[in-house]
Amino acid sequence: MSQLQTRRAERLKQLSADDAKLLEISRLTGAEACARVSADPDGLTEQEAAARLSREGPNSVTRERKATMLQELWGRARNPLNALLLTLAGVSYLTGDMRAAIVICLMVILAIMTAFVQEHRSNEAAARLRAMVHTTASVRRKRESGGGDFAEIPMDQLVPGDIVRLSAGDMIPADLRLLEAKDLFINQSALNGEAMPAEKSAPAGNGELESPFDAANLCFMGANVVSGYATGVLVRTGPRTFFGQLAEEVAGKHVPTAFDRGINRFTWLMISFILVMVPTVFLINGLTKHDWLEAFLFAVAVAVGLTPEMLPMIVTVNLAKGAMTMSRAKVIVKRLNAIQNFGAMDVLCTDKTGTLTQDRIILKRCLDIHGDESARVLEFAYLNSHFQSGLRNLLDEAVLAHVDLHAALGIDSGYSKIDEIPFDFSRRRLSVVVAQGSDRHILICKGAVEEILAVCDHYEVDGETGQLDAGHLEAAKAETAALNADGFRVVAVAYKTMDASRSAYTLADEANLTLLGYIAFLDPPKESAGAALAALANCGVRVKILTGDNEVITRKICREVGLDAGEILLGNRVTELSDSELADVADRTTVFAKLTPAQKERVVRALHAKGHVVGFLGDGINDSPALKVADVGVSVDTAVDIAKESADVILLEKNLLVLRDGVIEGRRVFANITKYIKMGASSNFGNMFSVLGASMFLPFLPMAPIQVLTNNLLYDFSQTTIPTDNVDEEYLATPRRWDISNIFKFMIFIGPLSSIFDYLTYGMMLYVFDCWTNPALFQTGWFVESLLTQTLIIHIIRTARIPFIESRASPALIATTVIICTVGMVLPFTWAGAALGFVPLPALYWPLVAAMMLAYATLTHFVKVWFVHKWGL
């Protein structure tokens, strides 16, 4: 058992007073339960609901609440690099070097505030968009005239005593006691780890229960409805729910991605360098120069110089900037790391409805089994869609668009609902039982053609019935196949007439039905689908279709949008394959049809097993398992609650072109983060050799501690605009994943190049300008050369092309480069430079250092070109 499951089990055993009350309520009748929580069966009035909301607070758990500005600041400040720097600042202060302590603190403040401002702007933009997407619940509100009506109300406004209605796809909005339930199955794996849905019912429980989870009539926030429907009364909301009390455990610990692990590995690599370098530099300078305090302060300054203190800022600002860019396209990013995963994604799995098609279902034909138009088929389909209380899909909406039938059939006066057998994904059909008059019940069943045919033994045409035989079944299948081939989605309609002696019906009653015919829907392909598929393909993203529809209509739609379906893998075949076999087949298959929710999830896992980074776009309850296991889960604002909850990204417009933009933005974010990492790794690796060499042969410190810190502060400022940088088109053309080995190689081959020119600078200062006895001039010369080369080298590293000619940095990055280089060159001639121990540099210095910088840039470029050719950028 995992640690998380153990903590849940312990929580269940330790019943609180509220839990005991829940168990007590579960033993009461529905009316008694309503009385216990001061609920009215007709619902609360608006005034009473508002009063309870003010008293109880919003129905949200702690982790969902917006972070305060102080919490955001603390989130940016809390990382090992800042802790290291502040420790070094404290050490500098205690040893009397106040200036060093101030400079180090300024560096930390620069990193924290830059990240905070950008992330805060991103959070505010996301909040504005998120306000456009509400997760709602169906709640009964009492009318002033009496009675109550159900209305969709934002979930965070629910209060104890509210009467709610549940159907497939709904999230359980709070801890509740069921009042009515029909074939209700709840997925509560997020709470108790049970993979199989639990069946729930409304009758009062017995007194032998040990835990609220054992009560069949209690449902808990965090679960979702798999099938069936129910009504219930809310007992606990917000942080008082079981979910709220275990918010962190229920949410689960974030599983680090390869990107997260790579960032952490790089951070600790730099810290390891510091742990080796600082004692070494301290000992060498202390032993050779005999000033142990000065050696200690220099070692502290070197530690600060080797710390990639801007890394958290660079990562956060890049991700936040990506989120803001995507928000302008009305894309809500719920989890920032999903942006980077977009860039790494090489397979996108999606249903065809709404992505390849217009998501605009039109009911075009109503046919009997001979293929002739039949009004009776439409009438029975309308009755089924009207009276069902489950999740209405687009097919139901298309049927109910025939509003004239409501009056023509006399539904309000001629029919009343008796019972319902809800839809589920195993039988793929739904039945309602209606009363027509006082002596007759009609069971009307609507669903997948093959599933309806399996429970029919008669047919009806023009009021005449007959026995279904093999010939009829073959004709029915042929008619369905012909409609599918024309792009129609086909649903069969059947019925059975019974006497009115019963009030409850079960799955067993879906037998011996009479087949009426079919209703055929058309969902035209999107005009933009072909272009979107081509754009994703050009980005190295393979699109795979995972649909519950049959293979004939799926192949037709794929053909119309220019997608080569190839051999279509069906759901029954997925079940037969082992995990390893499925991984091989899924890798080479483009279209999967007639899939169940579990099969969709299994296909995504199979693609993971082949090393793919998988995105999944879905909006239905049948998509939620696959959304959870995908690297990037994408849904839309019109999706069912559980799909939106499972997704990392929510689209306000269901469009593959928006996803393509997300892929490009993810790669741009990744590119700009790795620019800083590669530059920091190679620069620090080279500085190790430079500092160690200078410490061993120079009779003085190569740079004063405050000068090292000033150099680092100016350099850090120049890097704050990296998130704005342009990225070459060829880099954006292919998926990008974290590759730590590539960074190590880059560090090893590029890093020592800077040391070569550092040693040339040492030679120039010692032998051209005779600095053996003039440490101030030596330190000034190396300060300027070091700052200029570090600041300019980003323009070489940032592109595989020829810098400044074939690829130019963003205006902001160019501006900070020019500003910092200018400050570095002017500083020795100012009073501030004198305060830092700098002296004016001779005129001959500038052409010599310019020549060295040109040589350094040229050599680095050619080594980079060789490196890219061999290992890639």
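Me: Which residue is the bridge partner of C349 in strand 18?
Reply: In this predicted model, C349 has K544 of strand 18 as its bridge partner.

Me: And in which sense do strand 9 and strand 18 pair, parallel or antiparallel?
Reply: Strand 9, residues 347-350, and strand 18, residues 542-546, pair in the parallel sense, with four bridges between them.

Me: What packs on the sheet there?
Reply: Helix 24, residues 579-588, packs on the sheet and touches strand 18, strand 19 and strand 20. The direction of helix 24 makes about 115° with that of strand 18. Helix 22, residues 551-560, lies across strand 18, strand 19 and strand 20 (591-593), and runs at about 150° to strand 20.

Me: How many strands form the sheet, and in what order?
Reply: Eight strands form an open sheet, and their order is 8-23-22-21-9-18-20-19, with mixed pairing.

Me: Why is one side of strand 8 and of strand 19 left without a neighbour in the sheet?
Reply: Strand 8 (331-333) and strand 19 (569-570) are at the edges, and each has a single partner strand, so one side of each has no neighbour in the sheet.

Me: New topic: how many residues does helix 33 have, and how far does it reach?
Reply: Helix 33, residues 811-826, has 16 residues. From first C-alpha to last, helix 33 reaches 22 Å, close to the 22 Å expected at 1.5 Å a residue.

Me: Which residues of helix 33 are buried?
Reply: The buried residues are L813, T816, T817, I820, C821 and G824. They lie on the same side of helix 33, because they cover an arc of only 125° around the axis.

Me: What do they pack against?
Reply: The buried residues of helix 33 pack against helix 29 (705-719) and helix 32 (775-797).

Notes
Residues numbered from 1 in each chain as written. Predicted model: local features only at pLDDT ≥ 70, side-chain atom pairs only at ≥ 80, totals over all residues. Heavy atoms only, no water. Pairing = 2+ DSSP bridges. Helix = DSSP H or I, 4+ residues; strand = E, 2+ residues; numbered from the N terminus. Contact = heavy atoms within 4.5 Å. Axes fitted to C-alpha atoms, helices over the stretch in contact; angles between N-to-C directions. Expected span 1.5 Å × (residues − 1). Buried < 20%, exposed > 50% of the residue type's maximum accessible area, 1.4 Å probe, protein only. Arc of directions from axis to C-beta.
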